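Reader: I have a structure to get through today. Can you walk me through it in plain words?

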Amino acid sequence: MPNGCPPSGRKRHERRGTSRMIRSIVRGFGAALPKRVMTNAEMEQVVDTSDDWIVQRSGIRQRYIAGEGETTASLGEQAARAALANAGMTPDDLDLIIVATSTPDNTFPATAVNIQNRLGMHHGFAFDVQAVCTGFVYAVTTADAYIRGGLAKRVLVIGAETFSRILNWTDRTTCVLFGDGAGALILEAGEGSGANSDRGVLTASLRSDGSHKEKLYVDGGPSTTGTVGVLHMAGREVFKHAVGMITDVIQAAFDATDTTPDDLDWLVPHQANRRIIDGSAKKLGIAPEKVVVTVDLHGNTSAASIPLALAVAAGDGRIKKGDLVMLEAMGGGFTWGAVLLRW
């Protein structure tokens, strides 16, 4: 099982652990949003839609749209600096930067390297992770593996997107759903006992199935069309699979740690659609008051949505030190995954 967790068949009291182990502990968080807010009322002037239609089907009331000079890297840099300030660290304290994005500034180099340079960091290493909306969950899991493997002590994990640049602004079924932004966490190696009471990442569950590609994809790329392309989504098909896939990985994380929805303090889901969020929580028996929802404020910001939601909920004091927090997401590919951590 991930992160040294014992098989799920063992009893709860056998999970307390006696040996010391390395945990990836959250030390700081930050977020950044473009200057421009685009409300549903403004969206009505762009495509044939209405505020009621958008809210009823997605829960979205507004989104942020990147303007001139605002890019995935610039937003990621802002979120990174906010996370460093929150942690009381500088770029000199970092060993690794991982950026989850599907909208990089360039085909190459990686946006992570761009942000590394923007921060004035000339040591360590940096790379991107591409798993669309599940990207931040994949990136946190990757950072945890590097920390537990001893290859990095402090990792800056960023989810950053400018999805407005790959939208078809004449397609009312997709352009109303997405927005831009960035969020970041700093993970640091710390010692734990191996028990669920440890702070840090406790377990992760990742999945993918490429047979679903045509349900959510961008119709371009350097190796095919030589263009960026625009987003296409079979919304009903995505919705049909979403709740089952999400609950699968969340339940796997519960099983790996012998925890239950009653033990959970917060569910921080990918902010794609309010109906998917509510349906997943209901199926798992997670109380609505334990679910962090920011989709109304940000829209679907893909890999940025979970760290943006974390920054909101930790910033306003809801998520506190010692809280048990579940992160989950599903994205194009399909990819899906969950991370259970103690804040």
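**Walking through the model**

Author: Start with β1, which is mostly covered: nine of its twelve residues are buried. Buried means under 20% relative accessible area, exposed over 50% and partly exposed in between, with a 1.4 Å probe and protein chains only. Helices (H or I, at least four residues) and strands (E, at least two) are DSSP runs, numbered from the N terminus.

Reader: What kind of model is this, and how are residues numbered?

Author: This is a predicted model, where local features need pLDDT of at least 70, side-chain atom pairs count only at pLDDT 80 or more, and totals for chains, interfaces and linings use all residues. Residues are numbered from 1 along each chain as its sequence is written, and side-chain values use heavy atoms, leaving out hydrogens and water.

Reader: Back to the sheet. In what order do the five strands come?

Author: The order is β1-β7-β6-β4-β5, in an open sheet with mixed pairing. Two strands pair if DSSP finds at least two bridges between them.

Reader: Which strands stand at the edges?

Author: β1 (21–32) and β5 (125–129) do. Each has a single partner strand, so one side of each is left without a neighbour in the sheet. From one strand to the next, the twist averages 20°. Angles run from 0 to 180 degrees between N-to-C directions, and axes are lines fitted to C-alpha atoms, for helices over the stretch in contact.

Reader: How many bridges join β1 to β7?

Author: Eleven, and the two strands run antiparallel. Strand β7 covers residues 180–192. Ile22 has Glu191 as its bridge partner in β7. Gly30 stands opposite Ala184 in β7.

Reader: Is Ala184 buried or exposed?

Author: Buried, because its relative accessibility is 1%. Beyond its neighbours within four places in sequence, Ala184 is in contact with residues including Gly28, Phe29, Ala79, Leu156 and Pro307. Contact means heavy atoms within 4.5 Å.

Reader: Which helices go with the sheet?

Author: Helix α5 (residues 135–148) packs on it, touching β1, β4 (96–100), β5, β6 (154–162) and β7. The direction of α5 makes about 165° with that of β6. Helix α9 (residues 305–315) lies across β1, β6 and β7, and runs at about 90° to β1.

Reader: New topic. Where does UniProt place the active site?

Author: At Cys133, His270 and Asn300, in an unreviewed entry. UniProt positions are given in the numbering used here, feature names are shortened, and annotations may be inferred rather than shown by experiment.

Reader: Why say they gather at one spot?

Author: They span 168 residues in sequence, yet no two of their C-alpha atoms are more than 8.7 Å apart, so they gather at one spot.

Reader: Where is Cys133 found?

Author: In the loop between β5 and α5. Cys133 is buried, with a relative accessible area of 5%. Leaving aside neighbours within four places in sequence, its contacts include His270, Asn300 and Met330.

Reader: And where does Asn300 lie?

Author: In the loop between α8 (295–298) and α9. Asn300 is buried, with a relative accessible area of 5%. The side chains of Asn300 and His270 are joined by a polar contact of 3.3 Å. A polar contact is a pair of N or O atoms within 3.5 Å; within protein, one must be able to donate a hydrogen and the other to accept it, and residues adjacent in sequence count only if both atoms are side-chain atoms.

Reader: What about Ser58? Buried or exposed?

Author: Buried, at 2% relative accessibility. Ser58 is in helix α2 (residues 51–58). A polar atom of the Ser58 side chain lies 2.6 Å from the backbone oxygen of Ile54. Leaving aside neighbours within four places in sequence, Ser58 is in contact with Leu177, Asn273, Arg274 and Val295.

Reader: Last one. What does the domain assignment give?

Author: Domain 1 (21–192) and domain 2 (200–342). Such bounds come from an automatic or database domain assignment. Taken over C-alpha atoms, the centres of domain 1 and domain 2 are separated by 14 Å. Their contact takes 50 residues from domain 1 and 47 residues from domain 2.
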